[in-house]
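Welcome! Have a look at the sequence and structure, then follow the steps.

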Amino acid sequence: MKASHIFPRFVPVADHALLVEFADSISDDIANRVLALDHAISASPPDGLCEVVPALVNLLIDFDPLVTDHSIMQSEIEALIPRASAIDSNIQTHEVELCYDADLAPDLGAVAHAAGMSEEAVIACHLSASYRVGMYGFAPGYAYLTGVSEQIQLPRKQVAVRDVPAGSVIIAGPQCLVTTLTMPTGWSIIGRSPTEILRNDPDRPFLFDVGDTVRFKRIDRNRFDALNTGNQGAISHG
Amino acid sequence: MADARFRVQFAGPLVTYQDAGRRGLMRFGVPASGPMDRLSYAAANAALGQPTDATTIEISMGGLLLECLEGEVSIALTGGEFNLTLDGTTQPGWTICTVSAGQKLSIRPGPSGSWAYLAFAGNLVTDQWLGHSATHSTSGFGGGALASGQDIVVRESKVREEREGPIQRPDFLPAPGAPRVVMGPQNHHFSSASQELFQMSTYALSDAFDRMGVRLEGPKLDLEGALSIPSEPVCKGSIQVAGDGVPTVLLADHQTTGGYPKIATVISADLDQFAQMRARDSLAFTLISPDEAVSIARNRAAAVERYLEAISQARGTLPQRLMRENLISGVVS
């Protein structure tokens, strides 16, 4: 079976989903097209739509096979694509605070060494960029932020480090992530944030939407300690 | 109405609270979670007269031992072929019985199956996350995993004497060991020889089997340089192939995006039985078209609805049971 190279490409997934692909490789233009279609679907959801999962070059359209099927869903999405020319104006910008103190940033020295810069220059480089929420994945609230400056782009480590605390700000290649769980990671840990991404707010349980803009703000240890609850998780008793 | 209280004397790993799952949040990195075997889960609730999305305890092959500290409550056990021991008397699962203060209830794996569902007549008190008790095992969010020494509280516990006894098993399940798949969405990243190998080969489940998914053992699939594809959405049933050529089938607590190509996807109708297989059980995938997959989903949904409706009827007294079972078999044949 040869894949069609005409985009958008529609690929059926099992009995209940359709993958809509705009390209095989990542670019800002493709990310905008994914987002525009995501917004268009949300504005006029086809019958039987269960959920849409936007990612870097494609979207998964999950549907109820009792109500619709792959070809009906494909024609409804095809009809929406010409209208999906612009992304919503309600893209938000979020400020995420972080502290770069050495004990919270165990890999800052190694990143500086690899980049041939001082640690302060790495911090300045990280703070100067504007990031975009490309997609979520890996674990609840793990938002992949694109936009890491080329000067500080590093590959993943050979071996993952275990038990990296929630709130760690980690980078690998062009991506940056603020972790929400204590998990292993092979990315470089360059700081820690007290900003809660998993929120105890049923109306907005996750700080970011895909497509939002994120900027980092440096804070000192006093402010970090004052804000850090040590509990990124948003578990409530029900 | 009174409460019933249990103490967990022993809980194996991955014994968790589960409701029907939190759907609609994959865009935030959150899979639906919920039961590995959704039909058995719903059957336990239906047979007990509970809402079919009520919270239950999902029991892994590690088993569960409870002591009833106070009150009394009817329970249902479904799922794989697990055994239930109440005060020293052992019986097979797919049954409803009543447990009261002072009694010990033990649930252990029997001849087959990986997951069992323990439902209670009443309201299980659990933590919730985003409106659901379904436990996401990697984070522990939701009701969470059960641990020795912990107490379980059932509010407004009820005794359902008229429902006690065996629960009718579903009779419409597909043949085990032959999960049906739709090829793709990235089968074009595999050589045609690899795709043929995948379709013709016998695989076995490995020990790397948890709520996130199960790695298979069998022929390795050659990726045509596809390890550089951008991360993209994945779903329950996705069969992803890592760089070592080994396929993994993603299950209830799957990651929501991933960069490994997916050669095929198991249809939702076959995932319950797939999840009930054990390590070293063998299987061969059966290829179907997307249209066949939709038609199977529709037939299955109708059969599930009829089945749950049938088992949700209270059995009643013995004469009532005999009369109704005669009527039911008369309609079916």
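**Exercise 1.** Describe how domain 1 of chain A meets domain 2 of chain A.

*Solution.* 
Step 1: Six residues of domain 1 of chain A are in contact, meaning heavy atoms within 4.5 Å, with five residues of domain 2 of chain A. This is a predicted model, where local features need pLDDT of at least 70, side-chain atom pairs count only at pLDDT 80 or more, and totals for chains, interfaces and linings use all residues. Residues are numbered from 1 along each chain as written, chains are lettered from A and ligands numbered from 1 in the order written, and side-chain values use heavy atoms, without hydrogens and water.

Step 2: Find the bounds. Domain 1 covers 9-83 and domain 2 covers 93-227 of chain A, as set by an automatic or database domain assignment.

Step 3: Turn to the area. About 550 Å² is buried between the two domains of chain A, with 64% from carbon and sulfur atoms; buried area is the accessible area (1.4 Å probe) that two parts lose on being put together, summed over both. On the domain 1 side, A:Leu35, A:Pro54 and A:Leu56 supply 64% of the area buried against domain 2, more than any other three residues.

**Exercise 2.** Work out whether B:Ser60 is buried or exposed, and list its contacts beyond its neighbours within four places in sequence.

*Solution.* 
Step 1: B:Ser60 is buried because its relative accessibility is 6% (buried means under 20% relative accessible area, exposed over 50%, partly exposed in between; 1.4 Å probe, protein chains only).
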